[in-house]
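This report concerns a single structure, shown directly below. Please keep it in view while reading the text.

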Amino acid sequence: KQFLYPEFYNKLKSILPKIKWKKEFHPINCSYNYCNSNTNPNSKINQIKELEELSKDKDFRELLTIITGKQVKNKLNLTIQSFGWKNYTIINDESIEEPGVDIIIDLTEEWNDEWGGNIVLVDGSGDYTDISHAPNTLTIINRKKAEHKFVKKVNHLSGNKKRMFMVASLK
């Protein structure tokens, strides 16, 4: 049921409260916080060492190559996204993603789907798939040309809770 080893998952979860988040805010596209594995080598603080290690891990990349059928030779650009009250992403002409494979690891322990924050995959014909919450699970989405994803707006019922994902995309 769990994708990452419990020791590594717990270590990764333990750093989440310490992260100095960057804000991504464009009203017609998105509002959320993030932190990625492309750390500045000159930085005095490598707050996401575990994320950097996973992004370079040969076994992790080989596993993703086997699962996706796409060669993952180089370090992955892993990003942790954090969604709280009023955070969202929107699909519009300015934010269309190229087709590719999305790799998503859910880092959220306690979440109620009624609070929003779910990833939704749409296919352009009106059909959609709602990806529900399940902590420490791997979701792989092979998005075709007309398929796009977004994160439903998190509503006030979430209180101070955050929905967090570790994501990477393969082209």
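The model is predicted, so local features are described only where pLDDT is at least 70 and side-chain atom pairs count only at pLDDT 80 or more, while totals for chains, interfaces and linings use all residues. Residues are numbered from 1 along each chain as its sequence is written, and side-chain values use heavy atoms, with hydrogens and water left out.

**Salt bridges**

A salt bridge is taken here as a side-chain nitrogen of Lys or Arg within 4 Å of a carboxyl oxygen of Asp or Glu, and by this rule the model has eight salt bridges. Helices (H or I, at least four residues) and strands (E, at least two) are DSSP runs numbered from the N terminus.

| Salt bridge | Distance |
|---|---|
| Lys149 and Asp102 | 3.4 Å |
| Asp106 and Arg163 | 2.7 Å |
| Glu110 and Lys161 | 3.1 Å |

The salt bridge between Lys149 and Asp102 joins strand E9 (residues 148–151) to strand E5 (residues 100–106), and therefore ties together parts that are 47 residues apart in sequence. Lys149 is partly exposed, at a relative accessible area of 21%, whereas Asp102 is buried at 1%. Both residues also belong to a network of salt bridges that links Glu97, Asp102, Arg143 and Lys149.

In the salt bridge of Asp106 with Arg163, strand E5 supplies Asp106 and strand E10 (residues 163–170) supplies Arg163, so that parts 57 residues apart in sequence are tied together. Both Asp106 and Arg163 are buried.

The salt bridge of Glu110 with Lys161 runs between two loops, one between E5 and strand E6 (119–122) and the other between E9 and E10, so it ties together parts that are 51 residues apart in sequence. Glu110 is exposed, with 53% relative accessibility, and Lys161 is partly exposed, with 34%.

**Helix H3**

An α-helix has 3.6 residues a turn, so residues three or four places apart point the same way.

At the start of H3, a side-chain oxygen of Asp57 comes to within 3.1 Å of the backbone nitrogen of Asp59, and just after the helix Gly69 takes a positive phi of about 80°.

Lys86 has a positive phi near 75° although it is not a glycine. Lys86 sits in the loop between strand E3 (79–83) and strand E4 (88–89) and is partly exposed, at 46% relative accessibility. Asn136, also not a glycine, has a positive phi of about 55°; this residue is found in the loop between strand E7 (128–131) and E8, and is buried at 1% relative accessibility.

Technical notes:
Buried means under 20% relative accessible area, exposed over 50%, partly exposed in between (1.4 Å probe, protein chains only). A polar contact is a pair of N or O atoms within 3.5 Å; within protein, one must be able to donate a hydrogen and the other to accept it, and residues adjacent in sequence count only if both atoms are side-chain atoms.
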